[in-house]
Amino acid sequence: MEKKTTTKKADSKSTGTKTSTSGKAKSVKTDNKKSASAKKGKLKDEDESSLKDFLCEELKDIYYAENAILKGLTKMKDGATSDKLKKAIELHYNQTEVQISRLEEAFKLLDKKPVKKKCEAIVGILKEGDEVLKDTEKGTFTRDVAIIIASQKVEHYEIATYGSLAELARTIDREDVAKLLESTLAEEKDTDVSLTELATDKINEGAAKEPAE
Ligand SMILES: [Fe+2]
Ligand SMILES: [Fe+2]
């Protein structure tokens, strides 16, 4: 509820704010009157604060998501077959703990309290992860393939989010916050690449040799 109100507010004041999965944020479009009175390359205070509010709301969303992911990673690690996949998930669990601290630091820099707001997208993606664990047999490569696919869906969601939010932070001249978000973005991208490498190294091949039930 809270998000809808704030989002609407942000939209009405700065229509056209766009972020993309590639992390490129477009500048905020304001009407001609506002643009004329704004300093070149700078946003008006009014727009800055509505965009800052929007950024804070989105940070609450990803703060919820990261905490939920932490629980999801534990289940995935316990369910994985190969030691390499277990180790990769464990490494990312540790990174996720640090990512949560970075978000808390970002809230602090923005003079906000770290608050979680339910992120329906991650709830759905993690639910799918639970389902693949139920649908595949423990101790098989097929189970690992399913875990890798489910985990990469999580990583892609995070990459889209952190890329967009880092650009949003930069748009409102918060380089300090942008840097924190970009540190996490780099880890999410590395994790995605590592998961692909694990899949193409042996796991996919091993799963292909497993008989159908
Ligand atoms: Fe993360
Ligand atoms: Fe991640």
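Tutor: Start with how packing is described. Axes are lines fitted to C-alpha atoms, for helices over the stretch in contact, and angles run from 0 to 180 degrees between N-to-C directions. Helices (H or I, at least four residues) are DSSP runs, numbered from the N terminus. This is a predicted model, where local features need pLDDT of at least 70, side-chain atom pairs count only at pLDDT 80 or more, and totals for chains, interfaces and linings use all residues. Residues are numbered from 1 along each chain as its sequence is written, while chains are lettered from A and ligands numbered from 1 in the order in which they are written.

Now the pair. The axes of helix 5 and helix 6 lie 9 Å apart, at an angle of about 175°. The two helices are therefore roughly antiparallel (over 145 degrees). Helix 5 brings Ala121, Ile122, Ile125, Glu128, Gly129 and Val132 to the contact. Helix 6 answers with Ala146, Ile147, Ala150, Lys153, Val154 and Tyr157. Contact here is C-beta atoms, placed from the backbone, within 7 Å. Sorted by class, there are 9 nonpolar, 1 polar and 2 charged residues. Nonpolar covers Ala, Val, Leu, Ile, Met, Phe, Trp, Tyr, Cys and Pro; charged covers Asp, Glu, Lys and Arg; the others, Gly among them, are polar.

Ala65 is in contact with Cys119 and Ile122, leaving aside neighbours within four places in sequence. Ala65 sits in helix 3. Ala65 counts as buried because 26 C-beta neighbours lie inside 10 Å. The cut-offs: buried is 20 or more other C-beta atoms within 10 Å, exposed is 12 or fewer, and partly exposed is in between, with C-beta atoms placed from the backbone.

Next, the core. The largest nonpolar core has 45 residues. Such a core is a set of buried Ala, Val, Leu, Ile, Met, Phe, Trp, Tyr and Cys residues joined through C-beta atoms within 7 Å. Leu55, Leu59, Leu165, Ala169 and Leu181 touch the most other members. Helices 3, 4, 5, 6 and 7 each give two or more residues. Helix 6 gives the most, 14 residues. Beyond its neighbours within four places, Ala169 is in contact with Leu55, Arg174, Val177, Ala178 and Leu181.

Asp173 lies between helix 6 and helix 7. Its phi is near 65°, a positive value in a residue other than glycine. Asp173 is partly exposed, with 13 other C-beta atoms within 10 Å.

Key. Contact = placed C-beta atoms within 7 Å. Parallel < 35°, antiparallel > 145°, perpendicular 65-115°, else oblique.
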